[in-house]
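Here is a friendly briefing to read alongside your structure. Have the sequence and the 3D view open as you go through the points.

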Amino acid sequence: MTLQFKSRVQGALLERENLGLTRSLNVLDAGNQVSTRCGDALFVNFSSNDYLGLASDKELVEAWQKGLDIYGAGSGASPLVTGFSPAHASLENALCEWLGFERAVLFGSGFSANQALLFALMRKGDLLLQDKLNHASLMEAGMLSEATMKRFKHNDVQHLSKLLSGDENTLVVTEGVFSMDGDLSPLTYIHHITRNNAWLMVDDAHGVGVLGEYGAGSCNSVGIKPEILVVTFGKAFGLSGAAILCSAELGNYLTQFARHHVYSTAIPPSQAFAITHAIGMIQTQEWRREKLRELSIVYDEQLQSVEGYVKTATPIKPFILGTAEKAINASCQLKNEGFWMTAIRPPTVPEGAARLRITLTANHSVQDVSKLACALIKTMESTL
Ligand SMILES: Cc1ncc(COP(=O)(O)O)c(C=O)c1O
(Lines give C-alpha, C1' and ligand atoms only; values in the text may rest on other atoms or scores of the structure.)
Protein backbone atom coordinates (compact mmCIF):
# COMPACT_ATOMS: atom_id res chain seq x y z
CA MET A 1 0.00 0.00 0.00
CA THR A 2 1.29 3.49 -0.85
CA LEU A 3 1.27 6.02 1.96
CA GLN A 4 -0.68 9.13 1.03
CA PHE A 5 0.31 11.49 3.82
CA LYS A 6 2.81 13.50 1.77
CA SER A 7 0.46 14.16 -1.14
CA ARG A 8 -2.38 14.91 1.32
CA VAL A 9 -0.26 17.51 3.13
CA GLN A 10 0.95 19.07 -0.11
CA GLY A 11 -2.55 19.16 -1.60
CA ALA A 12 -4.07 20.82 1.47
CA LEU A 13 -1.30 23.45 1.60
CA LEU A 14 -1.71 24.20 -2.11
CA GLU A 15 -5.46 24.53 -1.77
CA ARG A 16 -5.07 27.00 1.11
CA GLU A 17 -2.56 28.99 -0.93
CA ASN A 18 -4.78 29.08 -4.01
CA LEU A 19 -7.65 30.38 -1.90
CA GLY A 20 -5.39 33.09 -0.45
CA LEU A 21 -5.99 31.66 3.03
CA THR A 22 -2.52 30.54 4.07
CA ARG A 23 -1.77 31.37 7.70
CA SER A 24 1.72 32.08 8.99
CA LEU A 25 3.42 32.76 12.29
CA ASN A 26 5.01 36.14 12.95
CA VAL A 27 7.74 36.55 15.53
CA LEU A 28 6.67 39.55 17.59
CA ASP A 29 8.73 41.14 20.33
CA ALA A 30 6.41 42.31 23.09
CA GLY A 31 3.28 40.94 21.41
CA ASN A 32 1.64 41.23 24.83
CA GLN A 33 2.18 44.99 24.90
CA VAL A 34 0.71 47.98 23.10
CA SER A 35 4.01 48.84 21.48
CA THR A 36 5.23 45.76 19.67
CA ARG A 37 8.05 45.00 17.23
CA CYS A 38 8.29 42.70 14.23
CA GLY A 39 11.82 42.64 12.81
CA ASP A 40 12.94 46.28 12.72
CA ALA A 41 9.46 47.78 12.54
CA LEU A 42 7.49 49.11 15.49
CA PHE A 43 3.70 48.78 15.68
CA VAL A 44 0.81 49.78 17.89
CA ASN A 45 -0.79 46.44 18.71
CA PHE A 46 -4.56 46.28 18.19
CA SER A 47 -4.78 42.50 18.03
CA SER A 48 -4.24 40.99 21.46
CA ASN A 49 -6.91 39.65 23.82
CA ASP A 50 -5.16 41.27 26.76
CA TYR A 51 -8.21 43.49 27.33
CA LEU A 52 -7.26 44.72 30.80
CA GLY A 53 -3.57 45.15 29.98
CA LEU A 54 -2.46 42.60 32.59
CA ALA A 55 -0.24 40.37 30.42
CA SER A 56 2.81 42.57 30.87
CA ASP A 57 1.84 44.26 34.12
CA LYS A 58 4.75 44.45 36.58
CA GLU A 59 2.55 43.58 39.56
CA LEU A 60 1.36 40.38 37.87
CA VAL A 61 4.85 39.44 36.66
CA GLU A 62 6.09 39.82 40.23
CA ALA A 63 3.24 37.65 41.51
CA TRP A 64 4.25 34.86 39.12
CA GLN A 65 7.88 35.27 40.20
CA LYS A 66 6.83 35.01 43.84
CA GLY A 67 4.86 31.87 42.94
CA LEU A 68 8.02 30.40 41.38
CA ASP A 69 9.97 31.14 44.57
CA ILE A 70 7.34 29.43 46.70
CA TYR A 71 6.44 26.45 44.53
CA GLY A 72 9.28 25.87 42.04
CA ALA A 73 8.82 25.45 38.29
CA GLY A 74 6.39 22.76 37.18
CA SER A 75 3.45 20.99 38.81
CA GLY A 76 5.17 17.64 38.38
CA ALA A 77 2.05 15.58 37.57
CA SER A 78 -1.61 15.57 36.68
CA PRO A 79 -3.97 16.94 39.37
CA LEU A 80 -5.10 13.55 40.69
CA VAL A 81 -1.55 12.26 41.04
CA THR A 82 0.60 14.89 42.80
CA GLY A 83 -0.01 17.99 40.67
CA PHE A 84 -2.67 19.69 42.81
CA SER A 85 -0.99 22.19 45.17
CA PRO A 86 -2.28 24.71 47.73
CA ALA A 87 -1.96 27.30 44.92
CA HIS A 88 -4.41 25.32 42.75
CA ALA A 89 -6.80 24.87 45.69
CA SER A 90 -6.68 28.61 46.50
CA LEU A 91 -7.37 29.46 42.86
CA GLU A 92 -10.40 27.17 42.76
CA ASN A 93 -11.72 28.74 45.98
CA ALA A 94 -11.14 32.29 44.75
CA LEU A 95 -13.00 31.54 41.51
CA CYS A 96 -15.96 29.98 43.36
CA GLU A 97 -16.26 32.87 45.77
CA TRP A 98 -15.99 35.51 43.05
CA LEU A 99 -18.29 33.92 40.49
CA GLY A 100 -20.76 32.30 42.90
CA PHE A 101 -20.34 28.57 42.20
CA GLU A 102 -19.69 25.56 44.44
CA ARG A 103 -16.85 24.09 42.40
CA ALA A 104 -14.19 25.15 39.94
CA VAL A 105 -12.23 22.57 37.94
CA LEU A 106 -8.96 23.77 36.38
CA PHE A 107 -7.65 23.06 32.87
CA GLY A 108 -4.54 23.94 30.88
CA SER A 109 -6.59 25.84 28.28
CA GLY A 110 -10.11 26.91 27.39
CA PHE A 111 -9.95 24.65 24.37
CA SER A 112 -9.40 21.60 26.56
CA ALA A 113 -11.99 22.70 29.17
CA ASN A 114 -14.69 22.94 26.50
CA GLN A 115 -13.76 19.63 24.93
CA ALA A 116 -13.51 17.86 28.29
CA LEU A 117 -16.94 19.04 29.39
CA LEU A 118 -18.76 18.04 26.21
CA PHE A 119 -17.02 14.66 25.93
CA ALA A 120 -17.61 13.85 29.61
CA LEU A 121 -21.24 14.95 29.78
CA MET A 122 -22.90 14.18 26.46
CA ARG A 123 -24.20 10.72 25.63
CA LYS A 124 -25.97 9.05 22.71
CA GLY A 125 -29.57 10.29 22.46
CA ASP A 126 -28.77 13.66 24.12
CA LEU A 127 -29.37 16.90 22.26
CA LEU A 128 -26.64 19.54 22.10
CA LEU A 129 -27.79 22.96 20.89
CA GLN A 130 -25.03 25.39 20.03
CA ASP A 131 -25.00 28.96 18.74
CA LYS A 132 -23.79 28.86 15.16
CA LEU A 133 -20.86 31.14 15.97
CA ASN A 134 -19.55 29.24 19.00
CA HIS A 135 -15.80 28.70 19.23
CA ALA A 136 -14.11 25.89 17.29
CA SER A 137 -13.36 23.98 20.52
CA LEU A 138 -17.10 23.70 21.23
CA MET A 139 -18.14 22.92 17.68
CA GLU A 140 -15.50 20.28 17.18
CA ALA A 141 -16.24 18.54 20.50
CA GLY A 142 -19.95 18.67 19.73
CA MET A 143 -19.47 17.05 16.35
CA LEU A 144 -17.24 14.33 17.79
CA SER A 145 -19.42 13.65 20.84
CA GLU A 146 -22.05 10.92 20.91
CA ALA A 147 -24.87 13.47 21.18
CA THR A 148 -26.95 14.86 18.34
CA MET A 149 -25.72 18.39 17.74
CA LYS A 150 -27.82 21.13 16.19
CA ARG A 151 -26.79 24.73 15.66
CA PHE A 152 -29.18 27.60 16.25
CA LYS A 153 -28.95 30.82 14.25
CA HIS A 154 -26.63 33.29 15.90
CA ASN A 155 -28.28 34.86 18.97
CA ASP A 156 -31.70 33.78 17.64
CA VAL A 157 -33.80 32.90 20.70
CA GLN A 158 -36.86 31.99 18.60
CA HIS A 159 -34.88 29.49 16.57
CA LEU A 160 -33.39 28.06 19.76
CA SER A 161 -36.81 27.70 21.36
CA LYS A 162 -38.10 25.77 18.30
CA LEU A 163 -35.19 23.35 18.59
CA LEU A 164 -35.81 23.02 22.33
CA SER A 165 -39.36 21.81 22.04
CA GLY A 166 -38.53 18.07 22.10
CA ASP A 167 -38.09 16.06 25.27
CA GLU A 168 -34.48 14.96 24.84
CA ASN A 169 -31.91 15.50 27.54
CA THR A 170 -30.58 18.86 26.32
CA LEU A 171 -27.53 21.06 26.81
CA VAL A 172 -27.57 24.56 25.32
CA VAL A 173 -24.17 26.18 24.76
CA THR A 174 -23.42 29.80 23.94
CA GLU A 175 -20.55 32.21 24.33
CA GLY A 176 -21.18 35.20 26.61
CA VAL A 177 -19.29 37.54 24.27
CA PHE A 178 -18.64 36.28 20.76
CA SER A 179 -14.96 36.25 20.01
CA MET A 180 -15.00 37.42 16.40
CA ASP A 181 -18.01 39.77 16.54
CA GLY A 182 -17.72 41.21 20.04
CA ASP A 183 -21.49 41.05 20.46
CA LEU A 184 -23.33 39.77 23.53
CA SER A 185 -25.46 36.66 23.78
CA PRO A 186 -29.10 37.36 24.79
CA LEU A 187 -28.41 35.47 28.00
CA THR A 188 -31.49 36.63 29.91
CA TYR A 189 -33.79 35.18 27.24
CA ILE A 190 -31.76 32.04 26.71
CA HIS A 191 -31.70 31.44 30.46
CA HIS A 192 -35.46 31.98 30.62
CA ILE A 193 -36.33 29.49 27.88
CA THR A 194 -33.88 26.83 29.06
CA ARG A 195 -34.77 27.09 32.76
CA ASN A 196 -37.05 24.08 32.94
CA ASN A 197 -36.01 21.87 30.05
CA ALA A 198 -32.25 22.10 29.51
CA TRP A 199 -28.92 22.86 31.12
CA LEU A 200 -27.19 26.04 30.02
CA MET A 201 -23.42 26.31 29.48
CA VAL A 202 -21.84 29.73 28.90
CA ASP A 203 -18.29 30.07 27.61
CA ASP A 204 -17.32 33.50 28.91
CA ALA A 205 -13.75 33.57 27.63
CA HIS A 206 -14.17 37.16 26.38
CA GLY A 207 -16.63 38.46 28.99
CA VAL A 208 -15.03 37.61 32.31
CA GLY A 209 -12.90 40.45 33.63
CA VAL A 210 -14.45 42.91 31.19
CA LEU A 211 -18.18 42.86 31.95
CA GLY A 212 -20.23 42.63 35.14
CA GLU A 213 -19.72 43.87 38.66
CA TYR A 214 -16.05 43.62 39.67
CA GLY A 215 -15.48 42.03 36.25
CA ALA A 216 -17.51 38.91 37.10
CA GLY A 217 -18.54 38.57 33.47
CA SER A 218 -21.49 38.31 31.11
CA CYS A 219 -23.78 36.22 33.33
CA ASN A 220 -23.22 38.47 36.31
CA SER A 221 -23.94 41.54 34.18
CA VAL A 222 -27.47 40.30 33.43
CA GLY A 223 -28.03 38.51 36.76
CA ILE A 224 -28.25 34.90 35.59
CA LYS A 225 -26.45 31.77 36.74
CA PRO A 226 -26.00 28.98 34.18
CA GLU A 227 -25.42 25.38 35.25
CA ILE A 228 -21.96 25.54 33.66
CA LEU A 229 -19.67 28.54 33.23
CA VAL A 230 -16.33 28.36 31.44
CA VAL A 231 -13.78 31.09 32.09
CA THR A 232 -10.37 31.30 30.47
CA PHE A 233 -7.25 32.99 31.80
CA GLY A 234 -5.60 33.81 28.47
CA LYS A 235 -7.62 36.93 27.75
CA ALA A 236 -8.52 39.52 30.42
CA PHE A 237 -6.44 37.68 33.06
CA GLY A 238 -3.30 38.19 30.95
CA LEU A 239 -2.13 34.60 31.58
CA SER A 240 -3.37 31.22 30.32
CA GLY A 241 -5.46 28.25 31.45
CA ALA A 242 -9.17 27.87 32.17
CA ALA A 243 -11.76 26.70 34.66
CA ILE A 244 -15.21 25.15 34.58
CA LEU A 245 -17.49 26.56 37.29
CA CYS A 246 -20.39 24.33 38.34
CA SER A 247 -22.14 22.53 41.22
CA ALA A 248 -20.15 20.43 43.70
CA GLU A 249 -21.69 17.31 42.21
CA LEU A 250 -20.85 18.13 38.59
CA GLY A 251 -17.36 19.19 39.74
CA ASN A 252 -16.93 15.78 41.34
CA TYR A 253 -18.14 14.13 38.11
CA LEU A 254 -15.61 16.13 36.06
CA THR A 255 -12.86 15.20 38.52
CA GLN A 256 -13.66 11.56 37.73
CA PHE A 257 -14.43 11.76 34.02
CA ALA A 258 -13.03 14.95 32.39
CA ARG A 259 -10.17 13.34 30.52
CA HIS A 260 -8.29 16.59 29.81
CA HIS A 261 -8.22 17.20 33.58
CA VAL A 262 -7.44 13.66 34.68
CA TYR A 263 -4.83 12.73 32.08
CA SER A 264 -3.00 16.03 31.61
CA THR A 265 -0.25 17.70 33.65
CA ALA A 266 -1.65 20.36 35.99
CA ILE A 267 -0.72 23.96 35.25
CA PRO A 268 2.36 25.04 37.21
CA PRO A 269 1.47 26.07 40.79
CA SER A 270 3.25 29.40 40.22
CA GLN A 271 0.82 30.04 37.37
CA ALA A 272 -2.16 29.19 39.58
CA PHE A 273 -0.71 31.59 42.17
CA ALA A 274 -0.43 34.33 39.51
CA ILE A 275 -3.98 33.70 38.24
CA THR A 276 -5.29 34.10 41.81
CA HIS A 277 -3.39 37.38 42.01
CA ALA A 278 -4.91 38.45 38.68
CA ILE A 279 -8.40 37.84 40.10
CA GLY A 280 -7.63 40.38 42.84
CA MET A 281 -6.40 42.90 40.26
CA ILE A 282 -9.49 42.36 38.09
CA GLN A 283 -11.83 42.84 41.04
CA THR A 284 -10.19 45.94 42.49
CA GLN A 285 -8.73 47.81 39.49
CA GLU A 286 -11.99 49.21 38.09
CA TRP A 287 -10.01 51.88 36.24
CA ARG A 288 -9.10 49.26 33.62
CA ARG A 289 -12.76 48.72 32.68
CA GLU A 290 -13.39 52.48 32.81
CA LYS A 291 -10.50 53.02 30.43
CA LEU A 292 -11.96 50.49 28.00
CA ARG A 293 -15.30 52.34 28.09
CA GLU A 294 -13.53 55.64 27.39
CA LEU A 295 -11.58 54.18 24.45
CA SER A 296 -14.71 52.58 23.08
CA ILE A 297 -16.47 55.96 23.00
CA VAL A 298 -13.54 57.48 21.08
CA TYR A 299 -13.57 54.56 18.62
CA ASP A 300 -17.33 54.89 18.06
CA GLU A 301 -17.25 58.66 17.62
CA GLN A 302 -14.55 58.54 14.99
CA LEU A 303 -15.61 55.50 12.98
CA GLN A 304 -19.37 55.16 13.25
CA SER A 305 -20.04 56.65 9.82
CA VAL A 306 -17.41 54.56 8.03
CA GLU A 307 -18.54 51.53 6.01
CA GLY A 308 -17.50 48.31 7.79
CA TYR A 309 -17.86 49.75 11.31
CA VAL A 310 -19.84 47.67 13.82
CA LYS A 311 -20.93 48.98 17.21
CA THR A 312 -20.16 46.69 20.16
CA ALA A 313 -20.37 46.96 23.94
CA THR A 314 -17.06 45.13 24.37
CA PRO A 315 -13.40 45.82 23.49
CA ILE A 316 -13.75 43.56 20.43
CA LYS A 317 -14.38 45.77 17.40
CA PRO A 318 -14.91 43.86 14.16
CA PHE A 319 -14.41 45.93 11.03
CA ILE A 320 -16.07 44.04 8.20
CA LEU A 321 -14.44 44.08 4.78
CA GLY A 322 -16.09 41.16 2.96
CA THR A 323 -13.54 39.23 0.94
CA ALA A 324 -10.37 37.71 2.35
CA GLU A 325 -8.38 39.73 -0.19
CA LYS A 326 -9.83 43.03 1.03
CA ALA A 327 -9.11 42.11 4.64
CA ILE A 328 -5.51 41.22 3.84
CA ASN A 329 -5.02 44.43 1.83
CA ALA A 330 -6.38 46.55 4.66
CA SER A 331 -4.27 44.74 7.25
CA CYS A 332 -1.11 45.25 5.11
CA GLN A 333 -1.84 48.91 4.53
CA LEU A 334 -2.44 49.47 8.24
CA LYS A 335 0.81 47.68 9.03
CA ASN A 336 2.56 50.15 6.71
CA GLU A 337 1.03 52.90 8.85
CA GLY A 338 2.35 51.27 12.04
CA PHE A 339 -0.73 49.39 13.31
CA TRP A 340 -0.71 45.67 13.94
CA MET A 341 -4.06 44.18 13.15
CA THR A 342 -4.79 40.66 12.09
CA ALA A 343 -7.06 39.95 9.14
CA ILE A 344 -9.57 37.26 10.13
CA ARG A 345 -10.65 35.16 7.18
CA PRO A 346 -12.74 32.08 6.48
CA PRO A 347 -12.85 29.41 7.84
CA THR A 348 -12.54 31.31 11.16
CA VAL A 349 -15.43 33.58 10.09
CA PRO A 350 -18.15 32.87 7.48
CA GLU A 351 -17.45 33.36 3.76
CA GLY A 352 -17.93 37.01 2.75
CA ALA A 353 -17.42 38.25 6.33
CA ALA A 354 -13.62 38.58 6.37
CA ARG A 355 -12.64 41.37 8.70
CA LEU A 356 -10.12 43.15 10.77
CA ARG A 357 -10.54 42.11 14.39
CA ILE A 358 -9.60 45.25 16.28
CA THR A 359 -9.21 44.88 20.02
CA LEU A 360 -8.83 47.61 22.60
CA THR A 361 -6.87 47.19 25.80
CA ALA A 362 -6.68 49.29 28.97
CA ASN A 363 -3.08 50.08 28.00
CA HIS A 364 -4.04 51.91 24.79
CA SER A 365 -4.21 55.70 24.94
CA VAL A 366 -6.93 57.87 23.45
CA GLN A 367 -4.33 59.04 20.90
CA ASP A 368 -3.61 55.43 19.89
CA VAL A 369 -7.29 54.92 19.09
CA SER A 370 -7.64 58.29 17.32
CA LYS A 371 -4.61 57.61 15.17
CA LEU A 372 -5.91 54.15 14.32
CA ALA A 373 -9.28 55.63 13.32
CA CYS A 374 -7.56 58.13 10.96
CA ALA A 375 -5.42 55.37 9.42
CA LEU A 376 -8.45 53.14 8.98
CA ILE A 377 -10.42 55.89 7.24
CA LYS A 378 -7.45 56.57 4.95
CA THR A 379 -7.15 52.86 4.18
CA MET A 380 -10.81 52.56 3.34
CA GLU A 381 -10.61 55.57 1.01
CA SER A 382 -7.46 54.55 -0.79
CA THR A 383 -7.39 50.80 -1.24
CA LEU A 384 -10.87 49.39 -1.15
C1 LIG B 1 -14.87 31.68 23.12
C2 LIG B 1 -13.58 30.96 23.31
N3 LIG B 1 -13.59 29.83 24.04
C4 LIG B 1 -12.46 29.13 24.24
C5 LIG B 1 -11.26 29.56 23.72
C6 LIG B 1 -10.04 28.75 23.94
O7 LIG B 1 -9.37 29.26 25.05
P8 LIG B 1 -7.80 29.01 25.21
O9 LIG B 1 -7.13 30.04 24.38
O10 LIG B 1 -7.58 29.17 26.68
O11 LIG B 1 -7.55 27.62 24.73
C12 LIG B 1 -11.21 30.73 22.97
C13 LIG B 1 -9.91 31.18 22.42
O14 LIG B 1 -9.75 32.02 21.63
C15 LIG B 1 -12.40 31.45 22.76
O16 LIG B 1 -12.41 32.57 22.02
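In this predicted model, the C-alpha centres of domain 1 and domain 2 lie 27 Å apart. The domain assignment gives residues 27-52 plus 286-383 to domain 1, and residues 58-284 to domain 2.

**Where the domains meet**

- On the domain 1 side, 20 residues are in contact with 21 residues of domain 2.
- About 1500 Å² of area is buried between domain 1 and domain 2, and carbon and sulfur atoms give 59% of that area.
- The rule finds 8 residue pairs in polar contact across this interface, with both partners at pLDDT 80 or more.

**Salt bridges**

- For the model, the count by this rule comes to 8 salt bridges.
- Across the interface of domain 1 and domain 2, the rule finds 1 salt bridge.
- R355 and D181 form a salt bridge through their side chains, with an N to O distance of 3.2 Å.
- R288 pairs with D57 in a salt bridge, and their closest N and O atoms are 2.9 Å apart.
- Because R288 sits in helix α13 and D57 in the loop between β2 (41-45) and α2 (58-71), this pair ties together parts that are 231 residues apart in sequence.

**What the UniProt record lists**

- An unreviewed UniProt entry lists residues 44-375 as "domain: Aminotransferase class I/classII large".
- In the model, the end C-alpha atoms of residues 44-375 lie 12 Å apart, and the span is 43% helix and 17% strand.
- Under "binding site", the unreviewed UniProt entry lists G110, F111, S179, H206 and T232.
- These listed residues span 123 residues in sequence, yet no two of their C-alpha atoms are more than 13.4 Å apart, so they gather at one spot.
- One of the listed residues, S179, lies in the loop between β6 (170-175) and α8 (187-194).

**Backbone details to look at**

- Which two residues does a cis peptide bond join, with omega about 10°? They are P346 and P347.
- P347 is found in the loop between β12 (343-344) and β13.
- A30 has a phi near 60°, which is a positive value in a residue other than glycine.
- The place to look for A30 is the loop between α1 (5-18) and β1 (35-38).

Definitions and conventions:
Residues are numbered from 1 along each chain as its sequence is written. This is a predicted model: local features need pLDDT of at least 70, side-chain atom pairs count only at pLDDT 80 or more; totals for chains, interfaces and linings use all residues. Side-chain values use heavy atoms; hydrogens and water are left out. Domain bounds come from an automatic or database domain assignment. Contact means heavy atoms within 4.5 Å. Buried area is the accessible area (1.4 Å probe) that two parts lose on being put together, summed over both. A salt bridge is a side-chain nitrogen of Lys or Arg within 4 Å of a carboxyl oxygen of Asp or Glu. A polar contact is a pair of N or O atoms within 3.5 Å; within protein, one must be able to donate a hydrogen and the other to accept it, and residues adjacent in sequence count only if both atoms are side-chain atoms. UniProt positions are given in the numbering used here, feature names are shortened, and annotations may be inferred rather than shown by experiment. Helices (H or I, at least four residues) and strands (E, at least two) are DSSP runs, numbered from the N terminus.
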